[in-house]
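Here are some notes for a first look.

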Amino acid sequence: MKEMKAGKLLYSVMALCMALCANAQEKMTLMPAWLPQAQFAGYYVAKEKGFYADENIDLTIEHMGINSSKSGIERIGSGEVDIIISHPIQAIMARDFGLKLKNVLQVTQNTGIMIVSHKKLDGPQSLNGQTIGRWKSGFSEICEICCLNNYLDVKWIPFLNGINLFVSGAIDATVVMKYNEYNLLVEAMGGIDPENVLWFADCGYDIPEDGLYVTDEYLASHRDLVERFCRATIKGWNYCVEHKEESIDIVMDFIEKAEIKTNRYHQSVMLDAMIELLRNRDTGQIDYRPIPEDKFGKLVNDLLKAHYIDNPVSYSDFSK
C-alpha cells in the first residue's frame, strides 16, 4: 500500500514538473535599429497583445539609443541579443566580415529611402555636384551606390539624426526615410514639392528594408523558437493594419516610457507609411515575401562594385 501511494505521489510530481516545463516561456531578446517609434509597431503590439506569450516566448525589447556605443549587429555578434531588426545591406556586409546573419523574416517589401533637395530633381543625374546629408550610422549605402553607378560627383555630409542641416540651407539635399524625416520636413517647411524628391524605389533600387536576423548558430539551435517568433510578429503587424488607433496607443506607451520627444500625429503618419512599405508591389498584398533572389544578386554585385564587401554572399546563406 505504501509503495502504491509513493508511486502515485511520484507520478503526480512528475506530471506537475512536465506541465510546468510545457508552460515555461523561452526568453528572447529583440533589438530594433533605433529608438522607440511606430517603425517597430508590429513588435510592440505583438508583445502587448500577448502574441509572443501565446507562442511561449518571454520577449525583452532592447532599443538602440541615440548615444549607443554598440549597434544591433555588434550586439548580436557578441551574443548580447538574440534577434535584430536590420536591412539586407547591413546583414550582407556583416556576413562578408565574418558575422553569419540569416534573414528569417522580411517584413517590409520596399524601400522608404529618398532624397529631398532644395532644387528640382529629374532622376539621379540631377544630384550631380550637390552636397547631400546622410546618416552617420549608415543605412544610406543604396544612395551612395546609386550615385556611384551614375558616375556622380557628390559630397556626402554625415549627420547623426534630424533635419536641421537641410532646413537651415547648410546642405543642398538630404537623405530621408519616407516614414520619418520626410514627414518632419513636410511639417517644418510647410510641404515639399514632389519635383524636389528622388525616390530610390523608382530608380531601380527598390531594396526591401526592415527584416529579422539571427546568427546561423542561433537558428540551428533555436529553429522552432525563431519560427514561433516570426509567426507572432506577423500577427502583430497584421493587427496594426486592422487596428491602427489601438496600435498607436501601444506605440505611445513605449515612447513615453523611454521619454522620447515626439507626438501622436507624427507616429500615426509613420505607421501609415510603414504599412505601405509592408505591401508587396508585385502582388499588392502584405505577404512578407523574402527578398527575390534576382534582386538580391543585383544588390550583392552593387556592393562588390562599390567595395562595401570583398566576397560574394550567396542567397542560400543569406535567406532561411
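1. Start with Trp199. This is a predicted model, and in it Trp199 is partly exposed, with a relative accessible area of 28%. The residue belongs to strand β9 (residues 197–199).

2. Next, the partner. A search of the whole structure finds eight aromatic pairs. In one of them, the ring centres of Tyr182 and Trp199 are 6.4 Å apart. Their planes meet at 55 degrees, so the pair is tilted. Tyr182 sits in helix α8 (residues 181–189). The pair therefore ties together parts 17 residues apart in sequence. Tyr182 has 17% relative accessibility and counts as buried, because the cut-off is under 20%.

3. Now look at Phe296 and Tyr315. This aromatic pair is edge-to-face, at 5.4 Å centre to centre and 70 degrees between the planes. Phe296 lies in helix α13 (residues 293–305), and Tyr315 lies in helix α14 (residues 315–318). Parts that are 19 residues apart in sequence are therefore tied together by the pair. Phe296 is buried, at 2% relative accessibility.

4. Turn to the largest pocket. What is its volume? About 600 Å³. The pocket is lined by 28 residues. Closest to its centre are Trp34, Gln37, Asn161, Asn180 and Glu181.

5. Finally, the make-up of that lining. Helix α8 supplies at least two of the residues, and so does α12 (264–278). By type, the lining of the largest pocket has 13 nonpolar, 11 polar and four charged residues.

Definitions and conventions. Residues are numbered from 1 along each chain as its sequence is written. This is a predicted model: local features need pLDDT of at least 70, side-chain atom pairs count only at pLDDT 80 or more; totals for chains, interfaces and linings use all residues. Side-chain values use heavy atoms; hydrogens and water are left out. Rings of Phe, Tyr and Trp (its six-membered ring) pair if their centres lie within 6.5 Å; planes under 30 degrees apart count as stacked, over 60 as edge-to-face and the rest as tilted. Helices (H or I, at least four residues) and strands (E, at least two) are DSSP runs, numbered from the N terminus. Buried means under 20% relative accessible area, exposed over 50%, partly exposed in between (1.4 Å probe, protein chains only). On a 1 Å grid over the protein atoms alone, a cavity is a set of points where a 1.4 Å probe fits but cannot get out, and a pocket is an open set with protein on both sides within 12 Å along at least five of seven lines; lining residues have an atom within 4 Å of a point. Grid points are joined across faces, edges and corners, and a volume is the space filled by probe spheres set on the points. Ala, Val, Leu, Ile, Met, Phe, Trp, Tyr, Cys and Pro count as nonpolar, Asp, Glu, Lys and Arg as charged, and the others, Gly among them, as polar.
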